[in-house]
Amino acid sequence: MAYPPRRSTSAVDKAEALFKKATTKPVEEAPKARTSAIPVGKETVSVRLDNDVLAYFQEDGAGWQDRINAALRKAAGLS
């Protein structure tokens, strides 16, 4: 029974392998995904606010609901 031929282990092959190992840039690990403190979804709720509080958040125009949400998150210690 004949044995299969062995891999070539010539000095040139060894030198090329060592050169490639020494000159190849190491692969950097992909950055880990950060988990967000913000919930994935939002829920529609009805909240009764004082007129002056609502006017304060609406002064800057669109996005007032997001500003109220951010203020509530800060007050609750979530951000």
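The model is a prediction in which local features need pLDDT of at least 70 and side-chain atom pairs count only at pLDDT 80 or more, whereas totals for chains, interfaces and linings use all residues. Residues are numbered from 1 along each chain as its sequence is written, and side-chain values use heavy atoms, with hydrogens and water left out.

The protein chain contains 3 helices and 0 strands, where helices (H or I, at least four residues) and strands (E, at least two) are DSSP runs numbered from the N terminus. Along the sequence, the pattern is α-α-α. Of the 79 residues in the protein chain, 4% count as buried, a term that stands for under 20% relative accessible area, with exposed meaning over 50% and partly exposed in between (1.4 Å probe, protein chains only).

Two packed helices are described by the angle between their axes and the distance between the axes. Helix 2 (residues 51-58) packs with helix 3 (residues 64-75) at an angle of about 110 degrees, and their axes are 8 Å apart; such axes are lines fitted to C-alpha atoms, for helices over the stretch in contact, and angles run from 0 to 180 degrees between N-to-C directions. Helix 2 and helix 3 are therefore roughly perpendicular to each other, a label given to angles of 65 to 115 degrees, while angles under 35 count as roughly parallel, those over 145 as roughly antiparallel and the rest as oblique. From helix 2, Leu 54, Phe 57 and Gln 58 meet Trp 64, Arg 67, Ile 68 and Ala 71 of helix 3, with contact taken as heavy atoms within 4.5 Å.

Ile 68, which is found in helix 3, counts as buried at 14% relative accessibility. When neighbours within four places in sequence are left aside, Ile 68 is in contact with Leu 49, Leu 54 and Phe 57. Ile 68 and Phe 57 are 11 residues apart in sequence and 6.7 Å apart in space, C-alpha to C-alpha.

Side chains of opposite charge can pair when their charged atoms come close. The count comes to 1 salt bridge, defined as a side-chain nitrogen of Lys or Arg within 4 Å of a carboxyl oxygen of Asp or Glu. The side chains of Asp 66 and Lys 42 meet in a salt bridge (3.4 Å, N to O). Asp 66 lies in helix 3 and Lys 42 in the loop between helix 1 (11-23) and helix 2, so the pair ties together parts that are 24 residues apart in sequence. Asp 66 is partly exposed, at 49% relative accessible area, and Lys 42 is exposed, at 69%.
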